[in-house]
Amino acid sequence: MRRTRFLIVAVLVCSFPTVSAVCTGRATYRVTFTSLWTSTSHPRQFPGNAHWSGLVGGSHNRMYTMWQPGGKSTTGMKNMAELGSQRTLLNEMRAQGSNVLDTLALRTIWSGTGTTSGNLDVDGSHSLVSLVTMIAPSPDWFAGVHGLDLCDQTTWRQSRTVDLFPYDAGTDSGLTFTSLDSVTNPQEPIHRLTGTSPNNSLSSFYGYPTVKRMATLGFV
């Protein structure tokens, strides 16, 4: 009888969850979006009015997901990817209350290349960053990062640069940068655009052996 009790206690102790180490304090990062989209880097159907909507997003904890490949776009993500609108997405983030620490909304880049930057705060409970920008013109295409952790175990990263590639928000079925509106019904999951996805010769990315990065996002 004593032996049985001992075994039960041992199992309970061994299965007790440990607390993960986190960064302490608050950090402010300078976020810089740099566009690399040109008729040389992405020559197929390059639009004459290529530009980027204002970068939008913020810092948050693991209870909030702005977007992720395989997930469905919220109304805010849909409006951002189709219209370049920041408002609804920012409202969705603010409605998360304590799950979101800080938000960021930058200006439009009215060409295929250019830079824009702003400050974003993170802390030990909100070390993840999600940011997006519409590839324009396009049906519902965007670039960005999701759940990027700026905490390296217990230390804030000194700097980080991420290459950005095109994604489809799954809400419009247009195949080219200048396609007319074509609502996707039912809505599809968010997915990355490649030379074979969509596998249609009309696609603006069709045939690329590798779709090159379209921009970078830097944190210092």
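1. Phe33, Trp37, Phe46, Trp52, Trp141, Phe177, Phe205 and Tyr208 make up one aromatic cluster. The model is a predicted one, and this should be kept in mind for the points below.

2. The count of aromatic pairs comes to 11. One of them joins Trp37 and Phe46: the ring centres are 5.6 Å apart and the planes stand at 75°, over the 60 degrees required, so this pair is edge-to-face. Trp37 counts as buried because its relative accessibility is 1%, whereas Phe46, with a relative accessible area of 29%, is partly exposed.

3. Another edge-to-face pair is formed by Trp67 and Phe142, at 5.0 Å centre to centre and with 90° between the planes. This pair links distant parts of the chain, since Trp67 lies in the loop between E3 and H2 while Phe142 belongs to strand E7 (residues 141-149), 75 residues apart. Trp67 is buried at a relative accessible area of 3%, and Phe142 is buried at 0% relative accessibility.

4. A charge also meets an aromatic ring. The charged end of Arg192 sits over the ring of Phe165, at 4.1 Å from the ring centre.

5. Which residues touch the most other members of the largest nonpolar core? They are Trp52, Leu131, Leu217 and Phe219, in a core of 35 residues. Two or more residues of this core come from each of strand E1 (26-36), strand E5 (113-123), E6, E7, strand E10 (160-164) and strand E13 (215-219). In soluble globular proteins, nonpolar side chains tend to be buried together.

6. Leu131 has contacts in several stretches of the sequence. Leaving aside residues up to four places away in sequence, Leu131 touches residues including Val31, Leu55, Val56, Trp67, Leu104, Ala143, Val145, Leu217 and Phe219. Among its other contacts are Gly57, Gly58 and Gly144.

7. Helix H3 (residues 87-94) has Leu89, Leu90 and Met93 buried. These residues lie on the same side of H3 because they cover an arc of only 100° around the axis. The exposed residues Arg87 and Arg94 are on the face of H3 turned away from its buried side. The cover over the buried residues of H3 includes strand E3 (56-60), helix H2 (75-83), strand E4 (100-105) and strand E6 (128-136).

Definitions and conventions. Residues are numbered from 1 along each chain as its sequence is written. This is a predicted model: local features need pLDDT of at least 70, side-chain atom pairs count only at pLDDT 80 or more; totals for chains, interfaces and linings use all residues. Side-chain values use heavy atoms; hydrogens and water are left out. Buried means under 20% relative accessible area, exposed over 50%, partly exposed in between (1.4 Å probe, protein chains only). Helices (H or I, at least four residues) and strands (E, at least two) are DSSP runs, numbered from the N terminus. The arc is that of the directions from the helix axis to the C-beta atoms. Contact means heavy atoms within 4.5 Å. Rings of Phe, Tyr and Trp (its six-membered ring) pair if their centres lie within 6.5 Å; planes under 30 degrees apart count as stacked, over 60 as edge-to-face and the rest as tilted. A charge sits over a ring if NZ of Lys or CZ of Arg is within 6 Å of the ring centre and within 35 degrees of the ring normal. A nonpolar core is a set of buried Ala, Val, Leu, Ile, Met, Phe, Trp, Tyr and Cys residues joined through side-chain atoms within 4.5 Å.
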